[in-house]
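Colleague: I'd like to go through this one with you, a piece at a time. Here is what I have open.

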Amino acid sequence: MSAHILTVDDSASIRMTTKIALTGAGYQVTEAVDGLDGLNKAKAGQFDLIVTDLNMPNMNGLSMIEALRKSAAHMGVPIIFLTTESDADMKSRAKAAGATGWITKPFDAEQLVKIAKKVLGK
Amino acid sequence: MTSLDPIQVFRTEAAELFEQIETGLLDLLNDLSDQATIDAVFRGLHTLKGSGSMFGFEALAAFTHHCETAFDRVRKGQVPATAELVAAVLDAQDHMKALVSTPNGDHEEASNRLLAALQAAAGEPSAHATVVAAPLPKAVAAEPSKTGGKGFRITFRLPVNAMANGTNPLGLLDELQELGSCTVKADLSTVPTLDALEPTDLHIGWTLDLITDKGRDAIDDVFIFVMDDMELTVTELAPPAPAAAQEASAAAAPAPVAEVAAKADAPKAQAADAKHGAKQAENVRVPAERLDELMDRVGELVIAQSRLSQLAGSSADIHLRAVSEDVERLSGELRDTMMVLRMVPVGSLFGRFRRLVHDLARETGKVIELETEGETTEVDKTVIERLADPLVHLVRNSVDHGLEPPDERVASGKEKTGRVILSARQSGGEVIITIKDDGRGVNRERVRAKAEASGLIQPGQMLTDQELLQLIFQPGFSTAAQVTNLSGRGVGMDVVKKTVEALRGIIDIRSEPGRGSEISLRIPLTLAIIDGLLVRVGSGSYVIPLSAVEECLELSLEDDLRSRGRSFISLRDNLVPFLRLRELFETGTPPDRYQKMVVISTGDERVGLVVDQIIGDHQTVIKSMSKLHHDVVTFSGATILGDGNVALILDVTHLVAVGQQQEAHLRAAG
């Protein structure tokens with residue numbers, strides 16, 4: 001069975017691009033519109049990878065990552081966050097919160113899929 | 001038809017972000033220290049930049065970056081939010097819209113000019129005041145150095161929490177193995193005894209000997225996400241590699257630019273997030289076409305249901321009747337629910353006017369306060385869209401003609417600040433939108449002079465005050481003063497009136513000299529369903545919107561014969577022109593023995609429609625005419641009857657106009 005990925009982003013266009021890229025690579029994708037939605041969906045389902053934006057309304061990506069890492073069920077689930085080239089500080093905070101890795105905007109489908117493959121392993 | 005083009009989705013999203021940013025900026029003008037709003041504006045700019053760069057809007061991303069930076073500084077309390085900064089970002093936002101709509105246009109000059117203004121307002125050194133539409137740096141895409149097969153000894157140890165944080169060390173080993181051939185040795189020396197072992201912790205280190213034709217960069221790439229926190233030594237086993245490789249990887253590290261919410265403001269900001277978020281989470285976005293499709297299906301269901309009811313009514317089967325009644329109730333409820341789905345709060349329309357008034361105030365030098373009331377009143381989406389332009393014109397008019405300059409206001413004992421009040425409320429099946437100002441009111445003398453000059457009225461013609469005011473809605477009416485920069489563009493008052501009437505609405509004006517004017521629009525809540533009067537003309541069925549029907553009469557044979565040639569009927573001492581629909585539609589059938597006349601009106605003007613038979617009232621799901629029938633003016637739409645036949649819906653405005661022309665024509669002929 002193909003890996004199931006949860007994408008969390010408040011931007012519909014980014015969600016769509018991510019989804020197109022990931023489903024195109026054969027992954028199954030579920031979308032969430034902000035951190036809170038992402039947290040609820042992550043807790044309700046079984047995901048092999050979570051790809052999340054950081055700057056979002058309702059609950060930002062940092063808080064979502066922290067909350068997920070506190071639950072035993074989500075320990076070890078790879079979490080990739082989206083960041084921009086200028087967000088070094090945010091990057092270290094997200095890593096401290098328990099993120100696995102990141103991808104820098106703008107990214108293309110190939111880069112995203114490459115990173116998904118990397119953290120998902122074989 | 002849902003768009004699956006991400007760029008199109010981005011454009012839609014950008015439009016929403018612009019609205020969010022604009023609302024925030026205008027809110028800020030009221031309270032420059034509101035941290036939640038500052039955060040919201042920042043977030044909007046941030047998302048715009050990020051998504052813009054994703055979809056190739058590089059100029060937009062680069063430009064927005066500067067606005068974002070300015071707001072980031074505000075957000076962190078490094079610079080205060082000022083009215084100048086807000087104005088500069090508002091101006092910059094218009095430019096961003098242009099960058100979204102024509103990303104390939106020549107925007108450089110405008111970009112630089114706006115950035116200079118922005119940076120002046122944000123108190124930044126002007127050294128940054130150039131923006132180049134250069135693509136943002138792409139993510140690290142390291143080129144492996146082509147130095148041939150080499151041997152590396154790699155010793156690494158990941159942080160203890162690496163596995164808990166989602167890094168799979170076996171995956172890393174697999175990746176290393178893909179680079180070439182390798183031997184792996186695990187270092188288990190630091191693994192604790194079983195009683196102290198935390199299963200999610202990682203205590204193993206590895207040493208690999210790797211023979212690869214890839215460079216050091218490829219190895220670093222494997223560890224990219226854990227590089228900063230891990231122990232990693234890579235030594236070359238074969239001849240020494242160029243030392244440049246290591247420096248290169250250091251240089252690739254991102255430049256540190258802080259972008260973190262000030263901690264002290266965090267609770268407030270989060271509370272605001274929750275508030276905004278709650279609003280968003282309640283909404284599901286559905287393309288309008290899907291709603292229209294659903295509406296069509298519901299309409300067809302209602303029709304099928306009425307056929308079922310007819311069948312059941314003529315059947316003796318009690319069970320069939322019971323089911324039929326259930327279906328009738330359910331489809332009625334479904335239709336009502338459907339109506340509500342199409343409703344959107346009028347506040348989304350009012351929001352735009354804050355910006356308009358802000359700009360108008362700047363252009364005219366008047367001090368204006370816009371008040372809005374009843375933003376939560378809900379109206380059919382189509383109505384909102386079509387009302388936007390007329391309302392813009394009305395608000396412009398109020399500001400341009402109605403409100404006086406501050407000194408004139410003070411001189412006449414008014415407050416310096418002129419007020420424009422936009423309000424909406426529901427009344428029965430209608431929504432009433434009013435635009436009210438406390439300006440000088442309509443200048444009657446000027447209206448009369450202009451109307452006489454343009455031949456709309458006879459010199460010295462007696463008119464009631466209301467008739468005089470209504471003149472401003474006449475086509476071709478515009479006072480000389482009206483052609484200013486503001487009101488001169490866009491639509492005229494006659495177009496406003498036409499639009500409102502096309503929505504089956506009524507426009508009214510009241511004005512008190514020296515005290516102000518009030519224009520009210522009464523619009524039906526929905527366009528999709530009307531109560532109609534079903535009539536028969538010849539062998540065809542037609543629907544007349546019930547809201548326009550004043551009364552129904554019998555047209556006696558004598559009246560019919562007497563009025564041959566001049567189609568007027570005397571109705572309570574008023575002459576009312578009438579149209580014989582049988583002749584208008586050329587049915588080619590003889591008239592019924594007892595013809596009926598339906599008197600319809602559009603407020604002031606009336607016209608009678610002669611039909612063969614009045615069948616009764618009929619709630620109608622309106623279907624618009626096909627494109628082929630786009631030019632048909634007599635009918636505004638069509639509907640399907642219970643027996644499956646089609647009935648056309650008469651366009652009241654048009655028919656009244658035809659009747660009035662006939663009257664004018666006959667009067668002129670004497």
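Colleague: In which hand does α1(A) pass α1(B)?
Modeller: α1(A) passes α1(B) in a right-handed crossing, where right-handed means that the near helix is turned clockwise from the far one by less than a right angle, and left-handed that it is turned anticlockwise. Please keep in mind that this is a predicted model, in which local features need pLDDT of at least 70 and side-chain atom pairs count only at pLDDT 80 or more, while totals for chains, interfaces and linings use all residues. Residues are numbered from 1 along each chain as its sequence is written, and chains are lettered from A and ligands numbered from 1 in the order in which they are written.

Colleague: And what angle do those two helices pack at?
Modeller: Helix α1 (residues 12-24) of chain A and helix α1 (residues 6-30) of chain B pack at about 160°, and their axes are 8 Å apart. Axes here are lines fitted to C-alpha atoms, for helices over the stretch in contact, and angles run from 0 to 180 degrees between N-to-C directions. α1(A) and α1(B) are therefore roughly antiparallel to each other; angles under 35 degrees count as roughly parallel, over 145 as roughly antiparallel, 65 to 115 as roughly perpendicular and the rest as oblique. Helices (H or I, at least four residues) and strands (E, at least two) are DSSP runs, numbered from the N terminus.

Colleague: Which residues meet there?
Modeller: On the α1(A) side they are A:Ala12, A:Ser13, A:Met16 and A:Thr17, which meet B:Pro6, B:Val9, B:Phe10 and B:Glu13 in α1(B); two residues are in contact if their C-beta atoms, placed from the backbone, lie within 7 Å. By class, the contact of α1(A) with α1(B) holds five nonpolar residues, two polar and one charged, with Ala, Val, Leu, Ile, Met, Phe, Trp, Tyr, Cys and Pro counted as nonpolar, Asp, Glu, Lys and Arg as charged, and the others, Gly among them, as polar.

Colleague: Staying with chain A, how many helices and strands does chain A have?
Modeller: Chain A has five helices and five strands, and from the N terminus on its elements run β-α-β-α-β-α-β-α-β-α.

Colleague: Over to chain B: at what angle do α2(B) and α3(B) pack?
Modeller: Helix α2 (residues 35-54) and helix α3 (residues 58-75) of chain B pack at about 155°, with their axes 8 Å apart. That makes α2(B) roughly antiparallel to α3(B), and α2(B) passes α3(B) in a left-handed crossing. The contact includes B:Phe42 and B:Leu45 of α2(B) and B:Ala61 and B:Phe71 of α3(B), and by class it has 10 nonpolar, five polar and six charged residues.

Colleague: What order do the strands take in the four-stranded sheet?
Modeller: That open sheet of chain B has the order β2-β3-β1-β4, with antiparallel pairing; two strands pair if DSSP finds at least two bridges between them. The edge strands are β2 (180-187) and β4 (231-236) of chain B, each pairing on one side only. β2(B) and β3(B) (residues 205-212) pair over eight bridges, and B:Gly180 stands opposite B:Thr212 in β3(B). Helix α6 (residues 169-179) of chain B packs on this sheet, touching β1, β2 and β3, and its direction makes about 20° with that of β3(B).

Colleague: Last one: is B:Gly439 buried or exposed?
Modeller: B:Gly439 is buried, because 25 other C-beta atoms lie within 10 Å, and B:Gly439 sits in the loop between β9 (430-437) and α15 (444-453) of chain B. Leaving aside neighbours within four places in sequence, the contacts of B:Gly439 include B:Ser398, B:Gly418 and B:Ser517. The C-alpha atoms of B:Gly439 and B:Glu512 are separated by 9.3 Å, although these residues are 73 residues apart along the chain.

How values were computed: A residue is buried if 20 or more other C-beta atoms lie within 10 Å of its own, exposed if 12 or fewer, and partly exposed in between; C-beta atoms are placed from the backbone.
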